[in-house]
Amino acid sequence: MPTTRINFIDELQWRGLFYQASDEPGVRDHLASGTRRAYAGFDPTADSLTIGNLVPIMMLRRFQEAGHRPVVVMGGGTGLIGDPSGKEKERDLRTVEEVQGNVDAQRPIFESILDFDGPNAAMIVNNYEWLGDLKFIEVLRDVGKHFSVNQMIQKESVRERLTNREQGISFTEFCYVILQAYDFMWLRRHHDVTIQLGGSDQWGNMVSGMDLIRRLEPESRNESWVVTNPLVTKADGGKFGKTETGAVWLTADRTSPYAFFQFWLNAADADVIRFLKFFTLLPQERIAELESIHESEPHRREAHRELARAATMLVHGADAAETAEAAGKALFSGEVSRLDRATLEEVFAEVPSSNHAKAELGSGLSLVEFLVETSLAKSKRESREFLGNGAVTVNERKVGPDDTLSSEDLLHGDLMLIRRGKKSWHVCRWG
RNA sequence: GGGCGUGUACCGAAGUGGACAAACGGGUCAGACUGUAAAUCUGAUGGCAUAGCCUUCACAGGUUCGAAUCCUGUCGCGCCCA
């Protein structure tokens with residue numbers, strides 16, 4: 001147990017991460033009186049997780065920092081059904097193999113952010129372990145009896161779909177809440193998990209779990225709480241976590257540490273302090289300090305840098321964060337063509353790249369066409385537009401629609417750096 | 001089962017025989033200004049061999065010199081009746 005034990009609920013509150021708790025005084029007492037276990041569930045809908053999932057992961061991490069034991073529940077079972085919350089449409093069912101594969105692929109993410117050693121080690125469980133063996137008759141008799149259909153159809157996520165004639169809701173998804181409730185009950189019973197953490201949109205599913213525990217567990221063991229965090233929003237009203245190229249993922253195969261770092265660095269001023277509180281472990285004093293620096297000297301972008309550094313370090317590790325930052329510095333210094341080969345090589349690993357045959361350069365290669373090849377432009381029309389706008393540079397030299405590439409544009413004999421707009425880089429290697 | 005209505009680009013929404021690759025708004029992308037920010041202004045937003053050509057207005061046919069627009073059928077959706 002850490003010597004300076006932070007108070008979990010206080011911590012969430014000053015960070016703006018506390019939305020609602022089923023019984024705040026109760027959960028405070030509970031946490032103060034021992035080492036507790038809390039869980040958060042994750043849906044294996046893909047083979048990676050996005051920064052949207054980073055909030056609950058960080059909730060677990062903070063819980064751990066507060067001296068308790070976090071439990072990650074991977075939805076190997078619930079993922080086979082699909083949570084209707086926030087979904088307009090019925091989901092396509094995934095195969096057991098697919099879901100298992102996703103569970104396995106997501107596991108390392110948790111392993112890098114949470115601590116799995118020591119007295120308050122984190123643990124990971126897969127709810128397929130207990131949901132997979134359930135028998136229909138038993139569930140209907142032992143669990144189903146405690147759910148009122150009248151209440152279930154009142155749930156926001158269900159009601160929406162019930163009144164929507166175009167979509168409707170299947171019995172399968174309608175029953176999702178029962179499985180999530182069962183998870184909580186099972187974890188209470190077998191792992192002494194007393195708290196469920198989640199986003200405010202999960203409130204309904206979470207309290208259903210508390211209800212079930214109250215009904216199925218003897219009085220001595222029926223204490224349970226739920227704590228929710230607010231959903232992350234952006235100051236400009238846009239959807240959090242989206243970029244020009246799509247979602248921001250937590251694994252390097254889908255979003256490079258460089259792109260990840262850049263995402264945070266480009267956060268809006270109005271969001272940066274909030275994000276520091278949400279997505280980093282920096283202490284209150286440090287964040288207050290950054291806030292005042294940010295207010296007096298916004299152009300230095302200290303808060304942004306620190307946010308990007310801290311978040312990237314958490315997800316990708318210190319080395320990757322350093323490389324990502326260095327790559328960004330190199331690219332935005334405006335002196336790329338003067339960088340030495342070793343630095344360039346490092347930068348290359350971080351940004352999108354492609355290989356080409358040197359022979360293509362021969363008598364001059366049309367940039368209009370080449371831009372499409374590098375996927376910096378979607379079509380030649382767009383390519384011409386970018387070039388016409390003066391949005392494209394080759395090794396930091398501005399080029400136009402009539403320009404061509406030749407072997408004179410190669411750095412160190414075989415490399416070329418193309419930029420579209422302010423931030424989209426592409427590296428070409430010519431062999 | 002019957003009646004009426006409706007289906008347009010990423011989204012919303014005009015257009016009801018030619019000047020329509022299709023108004024307008026949002027979104028998105030780019031340029032300028034900045035701080036790799038926001039706001040603002042400007043431009044772009046089906047594709048290409050770009051003074052031009054090709055493919056689009058749910059789908060399949062038809063009328064016409066000419067169709068997003070008219071007709072027929074199919075499908076989806078909405079409302080009303082049974």
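Trainee: Which residues form a nonpolar patch on the surface?
Mentor: Keep in mind that this is a predicted model. The patch is made of Phe136, Leu140 and Phe171, which together have about 360 Å² of accessible area.

Trainee: Where is the place of phenylalanine 136?
Mentor: Phenylalanine 136 sits in helix α6, which covers residues 136-143.

Trainee: And is phenylalanine 136 buried or exposed?
Mentor: Its relative accessible area is 56%, and over 50% counts as exposed, so phenylalanine 136 is exposed.

Trainee: Let's step back a bit. How many helices and strands does chain A have?
Mentor: Chain A has 19 helices and 15 strands. Its C-alpha trace spans about 80 × 50 × 35 Å along the principal axes, and 51% of its 431 residues count as buried.

Trainee: Now the RNA. Which residues come nearest to RNA strand B?
Mentor: There are 28 residues around RNA strand B, and Asn266, Asp269, Lys380, Glu385 and Lys422 come nearest.

Trainee: How do those 28 residues divide into nonpolar, polar and charged?
Mentor: The surface near RNA strand B has seven nonpolar, eight polar and 13 charged residues.

Trainee: And on the RNA side, what do the atoms within 4 Å of the protein belong to?
Mentor: Sugar or phosphate accounts for 62% of those RNA strand B atoms, and the rest belong to bases.

Trainee: Which side chain has an N or O atom 3.2 Å from a base oxygen of RNA strand B?
Mentor: That is arginine 384.

Trainee: Changing topic: how many salt bridges does the structure hold?
Mentor: It holds 25 salt bridges. One of the pairs is arginine 28 with glutamate 24, where the closest N and O atoms are 3.0 Å apart.

Trainee: How are arginine 28 and glutamate 24 placed in helix α2?
Mentor: They are four residues apart in helix α2 (residues 24-32), so about one helical turn separates them. Arginine 28 is partly exposed at 23% relative accessible area, and glutamate 24 is partly exposed at 27%.

Trainee: What about arginine 61, what does it form a salt bridge with?
Mentor: Its partner is glutamate 65, with the closest N and O atoms 2.9 Å apart. Both residues lie in helix α3 (residues 54-65), four residues apart, about one turn of the helix.

Trainee: Is arginine 61 buried or exposed?
Mentor: Arginine 61 has a relative accessible area of 18%. The cut-off for buried is under 20%, so arginine 61 is buried. Glutamate 65, at 34%, counts as partly exposed.

Trainee: And glutamate 217, which residue does it pair with?
Mentor: Glutamate 217 forms a salt bridge with arginine 221, and their closest N and O atoms are 3.5 Å apart. Glutamate 217 is buried at 8% relative accessible area, while arginine 221 is partly exposed at 28%.

Trainee: Which residues do salt bridges with shared partners join into one network?
Mentor: The network joins Arg286, Glu289, Glu306, Arg309, Glu325 and Lys329.

Trainee: Last topic, backbone angles. What is phi of serine 375?
Mentor: It is near 65°, a positive value in a residue that is not glycine. For background, most residues other than glycine have a negative phi. Serine 375 lies in the loop between α18 (367-373) and α19, and it is exposed, with a relative accessible area of 60%.

Trainee: And asparagine 395, what is its phi?
Mentor: Asparagine 395 also has a positive phi, about 50°, although it is not a glycine. You'll find asparagine 395 in the loop between β11 (392-394) and β12 (397-398).

Trainee: Is asparagine 395 buried or exposed?
Mentor: Asparagine 395 counts as buried, at 12% relative accessibility.

Key. Residues numbered from 1 in each chain as written. Chains lettered and ligands numbered in written order. Predicted model: local features only at pLDDT ≥ 70, side-chain atom pairs only at ≥ 80, totals over all residues. Heavy atoms only, no water. Patch = residues over 30% accessible without salt bridge, like charges linked within 9 Å, V, L, I, M, F, W, Y side chains within 5 Å. Areas by Shrake-Rupley, 256 points an atom, 1.4 Å probe, with all protein chains shown as cover. Salt bridge = Lys/Arg side-chain N within 4 Å of Asp/Glu carboxyl O. Helix = DSSP H or I, 4+ residues; strand = E, 2+ residues; numbered from the N terminus. Buried < 20%, exposed > 50% of the residue type's maximum accessible area, 1.4 Å probe, protein only. Near = heavy atom within 4 Å. Polar contact = N/O pair within 3.5 Å; in protein donor to acceptor, adjacent residues only side chain to side chain. Nonpolar A, V, L, I, M, F, W, Y, C, P; charged D, E, K, R; others polar.
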